[in-house]
Amino acid sequence: MTTPSVLPWARFILLFAGLAAVSCYQPVSNSSGQPDDKPETSYASTGSESADPENGSPESDQQKEGNQLESLEGPVGGGFRANFESNLKRNGMDASAAVDPSNAVESRILAEYGAVFLTQAVPPPKVMFGSEEEASGFQSKAGVESAVLGGTSIELQPKAMAALKKASEEAKAKGLSITPRDGSEAARRSYSKTLDLWNSRFLKALDHWRAKGRLSSDQVSRLKGLPIKQQVSEVLELEKSGIYFNTFFNNSILYSVAAPGTSQHLSMLAFDASEFQNPEVRKILAANGWFRTVQNDEPHFTFLGLKESELPAYGLKKVSKNGGEYWIPDV
Ligand SMILES: [Zn+2]
């Protein structure tokens, strides 16, 4: 049972702990016309090079499965929150700027999608990118690597791509394959794409509830005009009174799509695999640092770059659902 004395951010997390969300934002249709910028710069000071000079293991891609993953600094005590703060600091980022504990939406997003902040690649600087500029600015700094997998061109952070390619090779050697689901959006996405997906549900639900007389035209206009963060907050508030924004207007919009700017795909640390149902494929991905970290989002894998055995020490807990496992923040 919770107590009223927990920290504000923890209280919100507990408040929403029963809800799971879908961060994969399966596109309603395949979209083209995404911005295709090719940023070149990268973070220089984060130790995010592909080799691992700090931990005394000079072997590289010839290592055996699972042995190539060595965390840069290892977990710190204190569970998820402490490791979240530590990893951002390691990357020159500030945890207090990453999430506002008094903001229920941000706290919820951290609880749902927060595993990504433990990545050994470059973590996102905040739980919610506020604009295209912010998201693409991060993507430029983190570095973008392209590759063709299963005939589809995808983009990820360099470390994430290297690990995915290695997993793909290992799968091939076993007569399996690891390929992108739903085209190039299986990996990197733009902010505008996450906004489009949000609007595909949000606008439809506004029409629905206006027709039902539950929202007035004035309310609809006002909601449409709100800044995104406030819009998300008010949508979640309306849902408490049964005005739902998911596809069938009977559940939270977060079961259909996530809030704009919050996708792990924006951080280029997520990959949706067609073969997600194959336990052997999941095992190969896990051995290369790719884990499922968003409950109920079955095809969605997140690049953590950590060994599975280390994950509890980083503050993640394993949840088993529908025959599969997810590693989520233990908060
Ligand atoms: Zn996904």
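Me: Buried means under 20% relative accessible area, exposed over 50%, and partly exposed in between (1.4 Å probe, protein chains only). Is Phe84 buried or exposed?

Reply: Phe84 counts as buried, at 0% relative accessibility. Phe117 is buried too, at 3%. This is a predicted model, in which local features need pLDDT of at least 70 and side-chain atom pairs count only at pLDDT 80 or more, while totals for chains, interfaces and linings use all residues. Residues are numbered from 1 along each chain as its sequence is written, and side-chain values use heavy atoms, with hydrogens and water left out.

Me: How many aromatic pairs are there?

Reply: Rings of Phe, Tyr and Trp (its six-membered ring) pair if their centres lie within 6.5 Å; planes under 30 degrees apart are stacked, over 60 edge-to-face, the rest tilted. That gives eight aromatic pairs here. Phe84 and Phe117 are edge-to-face, because their planes stand at 90 degrees, with centres 5.1 Å apart.

Me: Where do Phe84 and Phe117 lie?

Reply: Helices (H or I, at least four residues) and strands (E, at least two) are DSSP runs, numbered from the N terminus. Phe84 is in helix α2 (residues 79-90) and Phe117 in the loop between α4 (104-113) and α5 (132-142), so the pair ties together parts 33 residues apart in sequence. Phe80, Phe84 and Phe117 form one aromatic cluster.

Me: What kind of pair do Trp290 and Phe303 form?

Reply: A tilted one, 5.5 Å centre to centre, with 55 degrees between the planes. Trp290 is in strand β4 (residues 290-291) and Phe303 in strand β5 (residues 300-303), so this pair ties together parts 13 residues apart in sequence. Both Trp290 and Phe303 are buried.
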